[in-house]
Amino acid sequence: MEIDAAVRTSGGPALRAKYDRAVYAVKRAFALYPFEEIAFSFNGGKDSTVLLHVLRAGYYLHRTSSGNGDQTDRTIQNCPMRTHYFEDPAEFPEITSFIYDTVSTYGLPLEVIRTDFKSGLEALLKEKPTKAIFLGTRNGDPNAVGQEQFTPSSPGWPPFMRVNPILDWSYRDVWDFLLTCKVKYCCLYDQGYTSIGSIHDTVPNARLSDGPGVFKQAYMLSDGTLERAGRAKKASGRKENKSVASSAGSAGPLQRHRSRL
């Protein structure tokens, strides 16, 4: 499997350790829950893109290690998990295009949800039994406080398990993985965007300015604490934050999906 091979042959020891912990969480979720009752919340951001490929690797390793899959089977390598995209009217068109291209490339069964998050989630869980949802939450996200790799949904929201395989990944870990594995990511990250929200609250990161109107790629940001420097202060909950809410429950379990990061 190309992701696993890339990390093991080209990744440094720190990345391999983070990757192994993330894959372990994925394999554990597959062991705990029926595959048809697990979903993936995909929003096209860098964290969500990392999670997609960690899921692919974890699914492949889970299936092949248990003797339930042919190693050359494209379905086994692509993890055909229920994939949900909570689309926003103020979405960057580049994000939307990347999402559709990606799900087509990997054969993901996509469902686009265009209602508000709580209503969409309630309808989704009512229509399709869902015990767990994979999310790209990372420590340091505005609403990741108190979360662990496996965290129940917040009070007042439909019950399911939030699975956060890359919770302990840093900004640098994310880019090390994407560049090591040589996978596609949204083109906005090559235009100076380091944290992507809506078209109304996101601009290129000034720390990556390379002259008037010219910006370096997101992976060239040396200080990960400045990841959200291009985001409006009141917009702490859009894209890479579009996957999970704080453990306090006031924002709901999928608020982070509103902030791609």
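This is a predicted model: local features need pLDDT of at least 70, side-chain atom pairs count only at pLDDT 80 or more; totals for chains, interfaces and linings use all residues.
Student: Which residues of helix 1 are buried?
Tutor: Buried means under 20% relative accessible area, exposed over 50%, and partly exposed in between (1.4 Å probe, protein chains only). Helices are DSSP runs (H or I, at least four residues), as are strands (E, at least two), numbered from the N terminus. In helix 1, residues 2–10, the buried ones are I3, D4, A6 and V7.

Student: Why do they lie on the same side of helix 1?
Tutor: The arc is taken from the directions that run from the helix axis to the C-beta atoms. The residues share a side because their arc around the axis is only 165 degrees.

Student: Is C79 buried or exposed?
Tutor: Look in the loop between helix 4 (74–78) and strand 2 (82–86), where C79 is found. Its phi is positive, near 55 degrees, although C79 is not a glycine. With a relative accessible area of 4%, C79 is buried.

Student: And K182, buried or exposed?
Tutor: K182 lies in the segment after helix 7. Its relative accessibility is 75%, so K182 counts as exposed.

Student: How many disulfides does the structure hold?
Tutor: A disulfide is a pair of cysteine sulfur atoms within 2.5 Å. The sulfur of C187 has its closest cysteine sulfur in C186, at 4.7 Å, which is too far for a bond. The number of disulfides in the structure is 0.

Definitions and conventions: Residues are numbered from 1 along each chain as its sequence is written. Side-chain values use heavy atoms; hydrogens and water are left out.
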